[in-house]
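Hello,

Here is the structure you asked about, with the sequence alongside. My notes follow below it.

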Amino acid sequence: MDFKGKKALVTGAAGGIGSAIARALKAKGAQVAIADRDVSGIDATAHLPGDLCDPTYADALPGAAKDALGGLDIIFNNAGVITRGPVTETTDDDWALSLGVNVEAPFRICRAAIPIMAAAGGGAIVNTASCWGLRPGGNHALYCMTKAAIASLTQCMGMDHAHQGIRINAICPNEVNTPMLRSGFAKRGFDPDTAIAELGKTVPLGRIAEAEDIADVALFLASDAARYMCGALVEINGGKPVL
Ligand code: NAD
(Lines give C-alpha, C1' and ligand atoms only; values in the text may rest on other atoms or scores of the structure.)
Protein backbone atom coordinates (compact mmCIF):
# COMPACT_ATOMS: atom_id res chain seq x y z
CA MET A 1 0.00 0.00 0.00
CA ASP A 2 1.52 3.24 -1.17
CA PHE A 3 0.07 6.54 0.04
CA LYS A 4 2.73 8.84 -1.44
CA GLY A 5 1.14 12.16 -2.36
CA LYS A 6 -2.19 11.23 -0.71
CA LYS A 7 -3.81 13.68 1.67
CA ALA A 8 -5.72 12.18 4.57
CA LEU A 9 -7.79 13.32 7.55
CA VAL A 10 -7.99 11.14 10.68
CA THR A 11 -10.44 11.84 13.50
CA GLY A 12 -9.85 10.51 16.99
CA ALA A 13 -6.16 10.70 16.12
CA ALA A 14 -5.05 11.03 19.75
CA GLY A 15 -6.65 7.68 20.63
CA GLY A 16 -5.46 4.10 20.24
CA ILE A 17 -6.65 3.17 16.74
CA GLY A 18 -6.57 6.74 15.38
CA SER A 19 -2.94 7.31 16.34
CA ALA A 20 -1.99 3.94 14.79
CA ILE A 21 -3.77 4.93 11.55
CA ALA A 22 -2.02 8.32 11.48
CA ARG A 23 1.42 6.73 12.11
CA ALA A 24 0.89 4.09 9.42
CA LEU A 25 -0.27 6.68 6.88
CA LYS A 26 2.77 8.85 7.53
CA ALA A 27 5.10 5.85 7.27
CA LYS A 28 3.60 5.07 3.85
CA GLY A 29 4.10 8.60 2.53
CA ALA A 30 0.76 10.35 3.13
CA GLN A 31 0.31 13.88 4.36
CA VAL A 32 -1.96 13.65 7.38
CA ALA A 33 -4.28 16.11 9.11
CA ILE A 34 -5.19 14.95 12.58
CA ALA A 35 -8.33 15.83 14.52
CA ASP A 36 -9.19 15.19 18.16
CA ARG A 37 -10.06 17.27 21.18
CA ASP A 38 -6.34 17.68 21.97
CA VAL A 39 -3.71 16.96 19.32
CA SER A 40 -0.82 18.83 20.89
CA GLY A 41 2.49 16.99 20.77
CA ILE A 42 1.36 14.58 18.01
CA ASP A 43 3.42 14.56 14.83
CA ALA A 44 1.33 15.37 11.71
CA THR A 45 1.25 17.63 8.66
CA ALA A 46 -1.73 19.58 10.04
CA HIS A 47 -3.41 19.81 13.45
CA LEU A 48 -7.16 20.45 13.55
CA PRO A 49 -8.28 20.16 17.18
CA GLY A 50 -11.93 20.50 18.19
CA ASP A 51 -15.04 18.87 19.63
CA LEU A 52 -16.90 16.67 17.15
CA CYS A 53 -20.13 17.35 19.04
CA ASP A 54 -19.87 20.93 17.79
CA PRO A 55 -21.75 20.84 14.45
CA THR A 56 -19.90 23.88 13.11
CA TYR A 57 -16.54 22.18 13.71
CA ALA A 58 -17.62 18.85 12.18
CA ASP A 59 -19.16 20.54 9.13
CA ALA A 60 -15.98 22.55 8.52
CA LEU A 61 -13.44 19.77 9.15
CA PRO A 62 -13.11 18.36 5.59
CA GLY A 63 -12.72 21.87 4.15
CA ALA A 64 -10.16 22.74 6.81
CA ALA A 65 -8.21 19.56 6.04
CA LYS A 66 -8.32 20.30 2.30
CA ASP A 67 -7.06 23.84 2.89
CA ALA A 68 -4.31 22.69 5.27
CA LEU A 69 -3.08 19.82 3.06
CA GLY A 70 -3.78 21.28 -0.37
CA GLY A 71 -6.32 18.54 -1.15
CA LEU A 72 -8.26 15.72 0.49
CA ASP A 73 -8.17 12.14 -0.81
CA ILE A 74 -8.97 10.05 2.26
CA ILE A 75 -10.92 10.36 5.51
CA PHE A 76 -10.89 8.02 8.48
CA ASN A 77 -13.97 8.71 10.60
CA ASN A 78 -12.48 6.92 13.58
CA ALA A 79 -13.36 8.96 16.70
CA GLY A 80 -15.84 7.25 18.99
CA VAL A 81 -17.17 7.01 22.52
CA ILE A 82 -18.61 4.03 24.37
CA THR A 83 -21.58 4.16 26.70
CA ARG A 84 -22.14 1.09 28.82
CA GLY A 85 -25.37 -0.25 30.31
CA PRO A 86 -28.95 -0.97 29.31
CA VAL A 87 -31.28 1.84 28.15
CA THR A 88 -32.73 2.13 31.65
CA GLU A 89 -29.33 3.38 32.83
CA THR A 90 -28.78 5.66 29.85
CA THR A 91 -29.04 9.41 30.41
CA ASP A 92 -29.99 12.15 27.97
CA ASP A 93 -26.34 13.25 28.06
CA ASP A 94 -25.20 9.70 27.13
CA TRP A 95 -27.63 9.78 24.22
CA ALA A 96 -26.44 13.18 22.96
CA LEU A 97 -22.76 12.26 23.29
CA SER A 98 -23.00 8.81 21.69
CA LEU A 99 -25.17 9.93 18.80
CA GLY A 100 -23.13 13.13 18.43
CA VAL A 101 -19.68 11.53 18.17
CA ASN A 102 -20.48 8.11 16.68
CA VAL A 103 -23.18 9.03 14.16
CA GLU A 104 -23.81 12.75 13.68
CA ALA A 105 -20.15 13.79 13.33
CA PRO A 106 -19.30 11.20 10.64
CA PHE A 107 -22.56 12.10 8.87
CA ARG A 108 -21.59 15.79 8.88
CA ILE A 109 -18.01 15.03 7.81
CA CYS A 110 -19.11 12.76 4.95
CA ARG A 111 -21.74 15.27 3.81
CA ALA A 112 -19.12 18.02 3.62
CA ALA A 113 -16.37 15.81 2.17
CA ILE A 114 -18.27 14.13 -0.67
CA PRO A 115 -18.58 17.27 -2.85
CA ILE A 116 -14.91 18.10 -2.20
CA MET A 117 -13.81 14.60 -3.23
CA ALA A 118 -16.21 14.47 -6.18
CA ALA A 119 -14.85 17.74 -7.54
CA ALA A 120 -11.33 16.27 -7.37
CA GLY A 121 -12.35 13.08 -9.18
CA GLY A 122 -12.86 10.75 -6.22
CA GLY A 123 -11.64 9.65 -2.83
CA ALA A 124 -12.04 7.10 -0.06
CA ILE A 125 -13.75 7.26 3.33
CA VAL A 126 -13.31 4.62 6.01
CA ASN A 127 -15.79 4.75 8.89
CA THR A 128 -15.27 2.88 12.14
CA ALA A 129 -18.26 0.76 13.09
CA SER A 130 -17.82 -2.33 15.31
CA CYS A 131 -18.70 -6.02 15.45
CA TRP A 132 -21.36 -4.71 17.82
CA GLY A 133 -22.81 -2.70 14.95
CA LEU A 134 -23.43 -5.94 13.04
CA ARG A 135 -24.85 -7.99 15.91
CA PRO A 136 -25.82 -6.86 19.42
CA GLY A 137 -23.65 -7.24 22.50
CA GLY A 138 -25.15 -7.30 25.99
CA ASN A 139 -25.31 -4.27 28.25
CA HIS A 140 -24.14 -1.70 25.66
CA ALA A 141 -27.45 -0.78 24.03
CA LEU A 142 -26.64 2.76 22.95
CA TYR A 143 -23.13 1.92 21.70
CA CYS A 144 -24.41 -0.99 19.60
CA MET A 145 -27.21 1.15 18.17
CA THR A 146 -24.82 3.93 17.12
CA LYS A 147 -22.43 1.45 15.52
CA ALA A 148 -25.33 -0.20 13.64
CA ALA A 149 -26.32 3.29 12.46
CA ILE A 150 -22.87 4.13 11.09
CA ALA A 151 -22.65 0.66 9.51
CA SER A 152 -25.96 1.23 7.70
CA LEU A 153 -25.00 4.78 6.71
CA THR A 154 -21.76 3.40 5.27
CA GLN A 155 -23.61 0.83 3.16
CA CYS A 156 -26.00 3.50 1.88
CA MET A 157 -23.28 6.05 1.13
CA GLY A 158 -21.09 3.37 -0.44
CA MET A 159 -23.90 2.70 -2.90
CA ASP A 160 -24.90 6.32 -3.48
CA HIS A 161 -21.46 7.82 -4.14
CA ALA A 162 -19.58 5.09 -5.99
CA HIS A 163 -20.55 6.74 -9.28
CA GLN A 164 -18.56 9.80 -8.17
CA GLY A 165 -15.44 7.69 -7.68
CA ILE A 166 -15.82 7.86 -3.91
CA ARG A 167 -15.47 4.56 -2.07
CA ILE A 168 -17.03 4.49 1.40
CA ASN A 169 -16.44 1.43 3.59
CA ALA A 170 -16.30 0.59 7.28
CA ILE A 171 -14.18 -1.49 9.61
CA CYS A 172 -15.89 -3.53 12.29
CA PRO A 173 -13.36 -4.47 14.98
CA ASN A 174 -14.03 -6.74 17.93
CA GLU A 175 -12.04 -6.03 21.13
CA VAL A 176 -8.93 -3.87 20.66
CA ASN A 177 -6.27 -3.05 23.25
CA THR A 178 -6.78 0.73 23.42
CA PRO A 179 -7.62 3.31 26.10
CA MET A 180 -11.35 2.78 25.32
CA LEU A 181 -11.22 -0.89 26.36
CA ARG A 182 -8.66 -0.47 29.15
CA SER A 183 -10.52 2.39 30.83
CA GLY A 184 -13.68 0.27 30.83
CA PHE A 185 -11.90 -2.52 32.71
CA ALA A 186 -10.35 -0.02 35.14
CA LYS A 187 -13.76 1.59 35.82
CA ARG A 188 -15.20 -1.82 36.67
CA GLY A 189 -12.34 -2.52 39.10
CA PHE A 190 -10.32 -4.96 36.94
CA ASP A 191 -6.59 -4.73 36.23
CA PRO A 192 -6.57 -3.94 32.46
CA ASP A 193 -3.50 -6.11 31.67
CA THR A 194 -4.94 -9.14 33.45
CA ALA A 195 -8.39 -8.62 31.93
CA ILE A 196 -6.95 -8.26 28.43
CA ALA A 197 -4.86 -11.43 28.83
CA GLU A 198 -7.99 -13.31 29.97
CA LEU A 199 -10.02 -11.89 27.09
CA GLY A 200 -7.29 -12.98 24.67
CA LYS A 201 -7.93 -16.61 25.66
CA THR A 202 -11.46 -16.30 24.22
CA VAL A 203 -10.14 -15.33 20.77
CA PRO A 204 -9.24 -18.17 18.35
CA LEU A 205 -6.05 -16.31 17.31
CA GLY A 206 -5.06 -16.27 20.98
CA ARG A 207 -5.06 -12.53 21.70
CA ILE A 208 -7.27 -9.50 21.28
CA ALA A 209 -6.31 -6.99 18.57
CA GLU A 210 -3.68 -4.31 18.90
CA ALA A 211 -4.42 -0.93 17.31
CA GLU A 212 -1.97 -1.68 14.48
CA ASP A 213 -3.97 -4.81 13.50
CA ILE A 214 -6.96 -2.55 12.93
CA ALA A 215 -5.03 0.30 11.28
CA ASP A 216 -3.64 -2.03 8.61
CA VAL A 217 -7.13 -3.08 7.51
CA ALA A 218 -8.35 0.52 7.60
CA LEU A 219 -5.45 1.55 5.35
CA PHE A 220 -6.19 -1.33 2.99
CA LEU A 221 -9.77 -0.06 2.54
CA ALA A 222 -8.46 3.44 1.83
CA SER A 223 -5.85 2.17 -0.63
CA ASP A 224 -6.07 1.43 -4.34
CA ALA A 225 -5.82 -2.28 -3.44
CA ALA A 226 -9.48 -1.97 -2.35
CA ARG A 227 -10.45 -0.13 -5.54
CA TYR A 228 -13.56 -2.27 -6.17
CA MET A 229 -14.90 -2.13 -2.58
CA CYS A 230 -17.83 0.19 -1.84
CA GLY A 231 -20.18 -0.03 1.16
CA ALA A 232 -18.36 -3.01 2.68
CA LEU A 233 -18.44 -3.74 6.41
CA VAL A 234 -15.19 -5.56 7.18
CA GLU A 235 -15.04 -7.56 10.41
CA ILE A 236 -11.66 -7.71 12.16
CA ASN A 237 -12.07 -10.21 14.95
CA GLY A 238 -9.24 -12.77 15.20
CA GLY A 239 -11.79 -15.50 14.54
CA LYS A 240 -14.17 -14.35 17.31
CA PRO A 241 -17.35 -12.95 15.80
CA VAL A 242 -20.02 -11.52 18.08
CA LEU A 243 -22.73 -14.20 18.02
P1 NAD B 1 -9.88 5.67 22.10
O2 NAD B 1 -10.74 6.08 23.25
O3 NAD B 1 -8.45 5.33 22.34
O4 NAD B 1 -9.91 6.79 20.95
C5 NAD B 1 -11.08 7.50 20.62
C6 NAD B 1 -10.67 8.92 20.30
O7 NAD B 1 -11.84 9.66 19.92
C8 NAD B 1 -10.07 9.63 21.53
O9 NAD B 1 -8.78 10.14 21.26
C10 NAD B 1 -11.08 10.73 21.83
O11 NAD B 1 -10.51 11.93 22.36
C12 NAD B 1 -11.73 10.95 20.46
N13 NAD B 1 -13.03 11.60 20.66
C14 NAD B 1 -14.05 11.13 21.43
N15 NAD B 1 -15.01 12.06 21.50
C16 NAD B 1 -14.60 13.13 20.76
C17 NAD B 1 -15.15 14.40 20.47
N18 NAD B 1 -16.34 14.79 20.98
N19 NAD B 1 -14.46 15.25 19.68
C20 NAD B 1 -13.25 14.89 19.18
N21 NAD B 1 -12.66 13.69 19.43
C22 NAD B 1 -13.33 12.83 20.22
O23 NAD B 1 -10.65 4.45 21.44
P24 NAD B 1 -10.27 3.47 20.24
O25 NAD B 1 -10.43 2.10 20.75
O26 NAD B 1 -9.03 3.91 19.55
O27 NAD B 1 -11.54 3.74 19.29
C28 NAD B 1 -11.46 4.19 17.96
C29 NAD B 1 -12.73 3.75 17.26
O30 NAD B 1 -12.78 2.32 17.22
C31 NAD B 1 -14.02 4.19 17.94
O32 NAD B 1 -14.97 4.60 16.97
C33 NAD B 1 -14.49 2.93 18.64
O34 NAD B 1 -15.88 2.93 18.87
C35 NAD B 1 -14.06 1.88 17.66
N36 NAD B 1 -13.94 0.53 18.20
C37 NAD B 1 -13.11 0.27 19.24
C38 NAD B 1 -13.04 -1.03 19.75
C39 NAD B 1 -12.15 -1.36 20.94
O40 NAD B 1 -12.28 -2.48 21.48
N41 NAD B 1 -11.26 -0.51 21.37
C42 NAD B 1 -13.80 -2.06 19.17
C43 NAD B 1 -14.63 -1.76 18.08
C44 NAD B 1 -14.68 -0.45 17.60
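Asn127 is buried in this predicted model, with a relative accessible area of 0%. That value counts as buried because the cut-off is under 20% relative accessible area. Asn127 belongs to strand E5, which runs over residues 123-128. Two polar contacts of its side chain are worth noting. One goes to the side chain of Asn77, at 3.0 Å. The other joins the side chain of Asn127 to that of Thr154, with a distance of 3.0 Å.

Arg227 is exposed, and its relative accessible area is 62%. Here the cut-off that applies is over 50%, so Arg227 is classed as exposed. Arg227 lies in the loop that connects helix H8 (211-222) with strand E7 (233-236). The side chain of Arg227 comes to 3.0 Å from the backbone oxygen of Asp224. Arg227 and Ile166 are 61 residues apart along the chain, and 9.8 Å separates their C-alpha atoms.

Now the ligand. Where does the ligand sit? The space it takes is the largest pocket. The shell around the ligand is made up of 27 residues, and the closest of these are Ile17, Asp36, Tyr143, Val176 and Thr178. Sorted by class, that shell holds 12 nonpolar, 10 polar and 5 charged residues. Three helices each supply at least two residues of the shell: helix H1 (16-27), helix H5 (141-160) and helix H6 (179-187).

How much of the ligand's accessible area does the protein cover? On its own the ligand has 830 Å² of accessible area, and the protein covers 92% of this.

To recap for your own notes: Asn127 is buried and its side chain contacts those of Asn77 and Thr154, whereas Arg227 is exposed and sits in a loop.

Regards

Terms used: Residues are numbered from 1 along each chain as its sequence is written. This is a predicted model: local features need pLDDT of at least 70, side-chain atom pairs count only at pLDDT 80 or more; totals for chains, interfaces and linings use all residues. Side-chain values use heavy atoms; hydrogens and water are left out. A residue is near a molecule or strand if one of its heavy atoms lies within 4 Å of it. Accessible areas come from the Shrake-Rupley method with a 1.4 Å probe; for residues, only the protein chains shown count as cover. On a 1 Å grid over the protein atoms alone, a cavity is a set of points where a 1.4 Å probe fits but cannot get out, and a pocket is an open set with protein on both sides within 12 Å along at least five of seven lines; lining residues have an atom within 4 Å of a point. A molecule sits in a cavity or pocket if more than half of its atoms lie within 2 Å of its grid points. Helices (H or I, at least four residues) and strands (E, at least two) are DSSP runs, numbered from the N terminus. Ala, Val, Leu, Ile, Met, Phe, Trp, Tyr, Cys and Pro count as nonpolar, Asp, Glu, Lys and Arg as charged, and the others, Gly among them, as polar. Buried means under 20% relative accessible area, exposed over 50%, partly exposed in between (1.4 Å probe, protein chains only). A polar contact is a pair of N or O atoms within 3.5 Å; within protein, one must be able to donate a hydrogen and the other to accept it, and residues adjacent in sequence count only if both atoms are side-chain atoms.
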